[in-house]
Amino acid sequence: MSFRRLSSGGLIDRGKPVGFTLDGKSYKGLAGDTLTSALLANDVTLVGRSFKYHRPRGIMSAGVEEPNALFTLHDGGRREANIPGTMVELIEGLQARTQNAWPSVELDVMGVNQIAAPFFQSGFYYKTFMGPSKGSWMLYEPFIRRAAGLGEATHDFNPDPDRYETRFDFCEVLVIGSGAAGIAAALSAAAGGGRVVLVEQDSRLGGGLLSDAAQASWLNDRLAEIAAAKSIQVRTHTSAAGVYDDNQVVLVERRDHARPDPTKGQARQVLTMMQAASIIYATGAIERPLVFANNDRPGVMLASALRTYLHRFGVAPQSAVIATNNDTAYETARDLAAAGVEVTVVDSRDDAALAKRNDFRVLTGTVVANVQGRRALYGAVLQGAHEENIRCDAIGVSGGWSPAVHLTSHGGIRPRYDAAVAGFVPGGFAPTHFGAGAIMGTFGLNAAIREGAAAGAKASGGTGAQIPAAIGEDRAYSVMPVWMPPKARGKAFVDFQNDVTAKDIKIAHQEGYHSVEHLKRYTTLGMGTDQGKTSNINALAEMAELRGLPLEQAGTTTFRPPYTGVALGVIAGRTTGKHFRPTRRSPLHDWHAANGGVFIEAGAWMRAWYYNWAGDSAASAYVKEMELVRRNVGISDVSTLGKIDVQGPDAAEFLNRVYVNGFAKLPVGRARYGVMLNDDGIVLDDGTTTRLSETQFYMTTTTAQAGEVMSWLEYLLQMHWTDLKVHVTSLTDEWGGIAVSGPNARKALELCFPGIDVSTEAVPYMGAKEFTFEGAPIRLLRLSFSGELAYEVHTRADFTTALWERFIATGKPLGLKPYGLEALASLRIEKGHVAGLELDHRNTLDDLGLGKMAGKEKDYVGKALRFRPTYQAAERWSLVGLELLEPEKKLRGGAILFAKGDEIKGHGRGYITSVTWSVELGKTIALGLYDGGLKHVGEEIVCAFPLKNELARAKIVSPHFIDPEGKRLHA
Amino acid sequence: MRLPCPHCGPRDYSEFRYGGDAENPRPKHGTGDLQAWHDYYFVFNNPKGPHEEYWQHVLGCRRWFKLKRNTATNEVIGVVQP
Amino acid sequence: MSKYSALALARHALNPDLPWPRAWRSPDPKPSYDVVIVGGGGHGLSTAHHLARYHGIKNVAVIERGYIGSGNVGRNTTIIRSNYMMGGDTAFFEKSLQLWEGLSHELNFNCMVSQRGQIIVAISPGQMDTFARRGNIMRLNGIDAELLDPGELQRVLPYLDYSKDARWPIYGAIHQPRAGTARHDAVAWGYARSADSHGVDIIENCEVTGFVIEGGKVTGVETSRGRINAGKVGIAVAGHTSHVAKMAGLRLPVESHILQAFVTEPLKPIVDHVVSWGAELFYLSQSDKGGLVFGGHIDGFNTYTQRGQFHKIQSVVECAVAFMPFIARIRLLRHWGGIQDMTPDGSPFICKTPIRNLYLNGGWCYQGFKATPASGLTFAHTIAHDEPHELNRCFTLDRFEKGNEMDEHGTGNWTYKQ
Amino acid sequence: MLERRSALADAHPFAWAALTLGEVRGFTLTQAAVFDKAAEAQVAAVIGALPQENTRAIESNGRTLFRTGPLAFWCVGPENDDLAAQLQGKAIMTPLSHSRTRISIEGSAARAMLAKGLPIDLHTSVFTPGTFAMTGLHHTPVLLHCVAEARFELYAMRTFAMDAWEWLEDAALEFR
């Protein structure tokens, strides 16, 4: 029996027992316990095995810095690994498991590693596992991987059933940390009247004060004031994970203790992106362990942790040795002694005065050199002025304090070494950042309160408030660091979680891995889940001594966000699953869904891929739908096309500049196909633009490039051509579009729009007509993507469904039906219209056979760079049509093209972009790019698809497979 | 990062799209030879320090603006008035 | 160079007082070298190794502002692959992968080259076609590649979201079995140790402050530790290329952008491949130490700060959770940024410059790490012979004037979109 | 008359104690843009005072007016508002009534729910009645207008309206 629950004291409720299990064994804790305090209360001190050597490990701390006491919690989709028990609030039925040990932490077979330990010195894996042959690492890696890693994330890959939220928030003053300094800062800042947010990673406010019973009344009075202050918002269970540019602070709140119900929309964790006008860091300090032989034995704990377990949880050992090099540990000793613990203080400082004014034994000029006991310690071996062994249940160590500067360095300001503190303090602050308390190396309570109040005043730009002094006088703080371990047998650990010893650091030094980053990367120091909160300084200091440099010259380490681990789930929040990215729907979406339309994702859009009237798969349906258009008439949803309103006195001049072909003289009521280049001379987009009046144009773009083109036009007008009086507005959402295509397209229009003259005289090819039909404005454009007689009928979005249904109803006698994206894309291949994979930011006008469109005289965007030498080379890969010559075979997109007789290797002479079955020609056809392009019309080539070991012969033809002279368009 | 939209005021970075280097003067439309356009479009100062660049408040008012920002610190210096 | 081996380890294990030799010396700069390499990153050190070992040029200094490997060689997500389809790229990156395969032996330093395979998942039929084109080119150039249909993919990667709730469905994937990962720091240290053993001076904490140029010819560099004369000078400082080249009066088709990287807590093995997603740029693998290492797209605006925007962090993590939902409860341990050269077409430079005897290696965009061995080989050749190796002929500075861009992914000529 | 169909025709409005989600139909949204202040004055002459602040809407002759750009306005009037005709020739008029879906969000939880998606300061002391912001929700542009202390109108792009609605519904769950 070493640790036990005291009959009184602590902030736990002895009336409320809480049941939990560890490795299946049942225990009882109390409401207010953490997992580790409950385990100590049950005298469970061996809770894990170490990473590399599988040494027995216990509980070292009472906070976020815990390197050893890591557990796996829950199961199934809720399973999570590597959770520090010090941060787990005990809830009824909690299932915890120890890690990295088999079959159990008591007898872990991998413990044999300890025998081979000398082999596993730092960097050993860089020096071996290379033989016998080249690929040998692949033989060793599986074993290394299985040995490495800490906990197990999941067995079954079940998704996490819990819910996570993200939110934005704003405040004037953000105070991080709620110890004496943070509390004073918040109260003082609140006097400024602005919004003050006080965040605390622990389950309750108070920080270090919670481990100091003497300050209980001061704390309670302040908490009452905070509760009363309207402008202060308190967030417990909330850690500041990172500080980003312009004071965006990411806060993560844990709500597990409240047992949130995802089906009720309750989140397990909430991530707040806090935009703070100013930030006060009151993050305190973390006690450092001392480095000596076997300093990792269960029972060796931070002195401050013993004090926390005593005051917060009423848990203490029977007897303890407190090993220190500074003053704060005496408070722990005093409190433990008062609680009836048999205490001996071992102080490395040789100052007899220290011994006097205490009512417990103090041995000065003495250090703990080694530890007795393996799975649980039973004694300390002393060296120095007093060479003796002392029996004890616990060794509380205090190597001084490391200010928690992590967040302050996220902004790129490096910490500065302060010899008086024997630790790193913030290297400086941005104008809106402030620090108070232990983080500044201010360890006196009243000094911290004064510092906090001052920071609160500055941060809020107000006068601040007077904060009452804490109980008692500040004691002076002095520390005399000893970095090197005393000579003794046994491993002296620096980084407990990654099993990095003082010897490993010595080896890194011998081999020249001197810089802090080399040291960390070579030894893996500080790379564990605790991010080296307890180990960094001790390691840096040892390296500095080995190099014979003062610590400040040996460099510091950069702290990267997050301060503590953050579940990926809460960073993503609800932006996952079907909400991962927004879904864009055509005005006809609901009709397609209700009438046999099958959707396919096209960028953000959901588009009707095919309709089940034609078949039950795209492959079977699209041919029927193509036949419908080639032989009769079909309608298709083209609402996704980009549409842009271009208006103003200079609209024509503007379009004349952005399109390679002329638009200045386009007559009112006529449409024109246009192509745009980027400045670099590469094709940006194509589409048709209709002149509605002298000063108004209706532009359409491809679905894919709509957003890019809109921004591009705005950019040119707002940043460069400011002299042009033109205004552009996106109409993509305002207008729906219906393509009516096929020999019977005009009949379909006549049936749908009785009394409207749609004759070829009234609406010639590339003609446009505006009219109102039953209250709906209509823009009728005679354009064809399919190569048939075809129209695009545009109307306002809300009317589109009714108009579409009208076409379906009135077109019934003709046999009019809808056709989807697959057929649309295939029809255009037959016609040789470029799209999708042909417009891939690599092709020039000439590559696509559009060179002749460009105005010789006129200027247009991209003209200069279009004429770069290679872009004008005679032999370029340019657009061709292909006909499959071996019907039993397949053509596939992505096939590589070779000339007949070429050796089938290398990069070929081109590739296939798009393939379809041609209902017109009754064969498989394709579009592709081929070296020299149409110069090779009539030649037989080879299409290679080695991924499927396929070779197919094809013939190069014009890409205009059907109606090359365009009779049907003008019909 | 917060960027100063000239119309809407300071807004979160997520509302903006980057428009690239604004230090190279764009040749006037219809002027400039291949070399001039090459140097404008393909070659950059890319300074470690104050840098002029284009941004658009694309989820907001859709204003484009020229911003001066320190690339060594991400500190916004201000909107460059045309 | 004392040989590393299991035996050597045993010797040191049995005799704890036997000290290990330094991995590389820490010499003071000599007044003059035949070749000075500016930049002690993977590429600079690899170049020095190749110069000293294969070109007999041993009077070489590698000058590093901080500590070697402090740049992107120690900040990347450690992926190696050779799935390139542009003429000038395919052979170069395949050569690089072949050098990776022998690297641990070449350097007698275990770089933990793990050929666990890379699988890229397609979210549309069109994407499958572009993957097929790439895979076909690979196969036609003797590089391994295979297509996986959704069924095969689900057997290999059971943990992806194949459900109806997925925003984008899965149409299949392309797999390069020989692709994988390597231990990034080991690459810098291994090349340094080897170069050092062949007589190269590796000079850390020495910043280049200017170039000595006489009559259009470089003759040395000014540094924080004084002038160092040099017959030839090679720049290999990707991330800060413009910044350094400016000292030689050069303006380049390069902008500096931040690419962020992420690692989770260490876990027992769960992800056995390098897995990438076609929905948005996203790639993830599990390190031998157990952490899930992943990354995405650049933040997308010029910066030299190594701090990323949280908005970008979110969008990358959203990819992770949407793509492999089981990951939600795993905790992010660290994220960091590297400053990367971005070029208009996404391809690098290994070439001569307008200044005689000054050579440039940079513009690596996303592919610096995987290119490290071949980059050193071809840059060393270019410096030694004053003309490019056949593998880096296309990586020239004048390709934009000529219209010879190498836009591997068809993103278009925008540095910040590449 | 052809029947109008809203993008939210299949959505399910709800009214809970803390939160009400619905759609406002039957309005006319017209964009008016000019090239200089003189032309702006002409517009004012027709429709009355124009808002001078970029972040506050004003009510004028039965219309709500937003200054959406240095020289551009959104005018939200009753159904069949013929503003476009009235201003023909005086300004560049672009009818946008079908472009935006108008979602009403009301209740004590409205601000907390919106804060989950909008990167703007929605505190009652900052986003007061009359205030509006053009910002982003779930990667898409929206205009949020604070109509009253606890009532907001969100103008979402029509083609993203259902997506925004589903996002809001999900965000609202915890306030049921």
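A residue is called buried when its relative accessible area is under 20%, exposed when that area is over 50%, and partly exposed in between. By this criterion C:Tyr159, with a relative accessible area of 4%, is buried. The model is predicted.

Over all chains, the structure holds 69 aromatic pairs. One of them is formed by A:Phe157 and C:Tyr159, which are tilted at 50 degrees between the planes, with 5.2 Å from centre to centre. This pair crosses between chains: A:Phe157 is in the loop between helix 3 (137-147) and strand 9 (164-176) of chain A, and C:Tyr159 is in the loop between helix 6 (150-156) and strand 6 (172-176) of chain C. A:Phe157 has a relative accessible area of 23% and is therefore partly exposed.

A second pair lies in chain D. The ring centres of D:Phe66 and D:Phe132 are 5.0 Å apart and their planes meet at 75 degrees, so the pair is edge-to-face. Because D:Phe66 belongs to strand 5 (residues 63-69) and D:Phe132 to strand 9 (residues 132-137) of chain D, the pair ties together parts that are 66 residues apart in sequence. D:Phe66 is buried at 0% relative accessible area, and D:Phe132 is buried at 2%.

Rings also meet charged side chains. In chain A, the charged end of A:Lys491 sits over the ring of A:Tyr53, 4.9 Å from its centre. In chain C, C:Arg167 lies over the face of C:Trp168, 4.4 Å from the ring centre.

Next comes helix 11 of chain A (residues 516-523). Of its 8 residues, 8 are buried, so the helix is largely enclosed by the rest of the structure. Among the buried residues are A:Glu517, A:Lys520 and A:Arg521. The buried residues pack against helix 2 (124-127), strand 30 (500-501), helix 10 (502-510) and helix 12 (536-547) of chain A, and also against helix 7 (184-197) of chain C. Just after the helix, A:Thr524 takes a positive phi of about 65 degrees.

Strand 14 of chain C (residues 282-286) has 5 of 5 residues buried, so this strand too is largely enclosed by the rest of the structure. In a regular strand, side chains alternate between the two faces of the sheet. Here C:Phe282, C:Leu284 and C:Gln286 are buried on one side, and C:Tyr283 and C:Ser285 on the other.

Strand 14 of chain C runs antiparallel to strand 13 (residues 274-277), joined to it by 3 bridges, and C:Ser276 stands opposite C:Tyr283. Strand 14 of chain C also runs antiparallel to strand 15 (residues 292-295), with 4 bridges; there C:Val293 is the bridge partner of C:Ser285. In the hairpin of strands 14 and 15 of chain C, which has 5 residues between the strands, C:Gly290 takes a positive phi near 115 degrees.

How values were computed: Residues are numbered from 1 along each chain as its sequence is written. Chains are lettered from A and ligands numbered from 1 in the order in which they are written. This is a predicted model: local features need pLDDT of at least 70, side-chain atom pairs count only at pLDDT 80 or more; totals for chains, interfaces and linings use all residues. Side-chain values use heavy atoms; hydrogens and water are left out. Rings of Phe, Tyr and Trp (its six-membered ring) pair if their centres lie within 6.5 Å; planes under 30 degrees apart count as stacked, over 60 as edge-to-face and the rest as tilted. Helices (H or I, at least four residues) and strands (E, at least two) are DSSP runs, numbered from the N terminus. Buried means under 20% relative accessible area, exposed over 50%, partly exposed in between (1.4 Å probe, protein chains only). A charge sits over a ring if NZ of Lys or CZ of Arg is within 6 Å of the ring centre and within 35 degrees of the ring normal. Contact means heavy atoms within 4.5 Å. Two strands pair if DSSP finds at least two bridges between them.
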